[in-house]
Amino acid sequence: MSLNGKYSLGILLTFALLALVMLYVFPFLTLITGTKTMTAGLFLNSRIVIWAVLLIIFLYSKFIEKSSLTIWNDKKYPVSFYIGAVVCLYFICAIGGALLNGLISVITHEKMSDKLIQLQSIFKNNYFLIIFTCLTAGVVEEYLMRGYIQPRIEKIYNSPFLGITISAILFGILHSTYGTIGQVVGPFFIGIVFAVFYKLYSNIKIIIMCHFLFDFVSLMIMNFIDIKHLSAF
């Protein structure tokens with residue numbers, strides 16, 4: 001199999017595994033544990049499964065592709081650039097996401113995701129779960145969606161545009177399990193922002209930090225205030 005063929009298979013494997021986790025990890029865990037309702041422990045275990053997906057793709061890239069997980073080398077920048085980039089990306093995502101969700105709410109009269117309402121109770125004052133969830137989203141999703149998928153799509157099709165667009169579309173689709181249009185469009189927009197930044201500046205650490213910050217702020221707001229249309233994590 002050619003390298004591009006291995007890249008294509010890896011992309012399919014990554015998306016398939018993440019989709020399976022998003023769709024079936026909770027039913028599987030409830031079947032094993034016998035738990036009827038969502039609990040903090042159940043959600044924590046689901047995040048651990050997501051880390052397992054990252055491990056599988058890391059091993060695939062190492063032993064099948066015989067390449068690193070992120071085929072673009074990270075560029076180094078001064079600390080001031082890291083801080084400025086994270087802050088700017090955060091506000092672009094927060095403001096843009098809020099405007100999009102507001103527009104969708106006006107057009108569709110969409111209410112808050114039932115899944116988010118359910119999750120709000122398990123995150124209440126559980127700061128370990130909040131931090132671990134944000135860390136999982138920041139590290140795993142960015143390494144897989146931006147670090148792994150985006151550059152490989154670009155190499156296969158020789159198109160930065162397709163690398164950015166397809167990785168963002170897949171990112172949005174993965175959040176469709178939250179059951180609302182806003183929880184697909186918001187992540188798609190954020191995926192575009194992160195993918196463009198990654199293409200321009202080739203630094204996965206910055207978007208990991210911004211993703212963590214974005215979700216952490218969203219979950220802390222959720223912890224204290226009953227608010228609609230928060231981040232998808």
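The protein chain carries 16 positive and 9 negative side chains, and the centres of the two sets are 7 Å apart. Lys and Arg count as positive, Asp and Glu as negative, while His and the chain ends are not counted. Each charge is placed at NZ of Lys, CZ of Arg, CG of Asp or CD of Glu.

This is a predicted model, in which local features need pLDDT of at least 70, side-chain atom pairs count only at pLDDT 80 or more, and totals for chains, interfaces and linings use all residues. Residues are numbered from 1 along each chain as its sequence is written, and side-chain values use heavy atoms, with hydrogens and water left out.

The secondary structure of the protein chain consists of eight helices and zero strands (DSSP runs: helices are H or I with at least four residues, strands E with at least two). Along its principal axes, the C-alpha trace of the protein chain spans about 45 × 40 × 35 Å. Buried residues make up 49% of the 233 residues (buried means under 20% relative accessible area, with a 1.4 Å probe and protein chains only).

The structure holds zero disulfides (a disulfide is a pair of cysteine sulfur atoms within 2.5 Å). Cys134 is in none, and the nearest cysteine sulfur, that of Cys210, is 12 Å away. The sulfur of Cys210 has its closest cysteine sulfur in Cys93, at 5.1 Å, which is too far for a bond.

| Residue | State | Relative accessible area |
|---|---|---|
| Cys134 | buried | 0% |
| Cys210 | buried | 0% |

Definitions and conventions
Buried means under 20% relative accessible area, exposed over 50%, partly exposed in between (1.4 Å probe, protein chains only).
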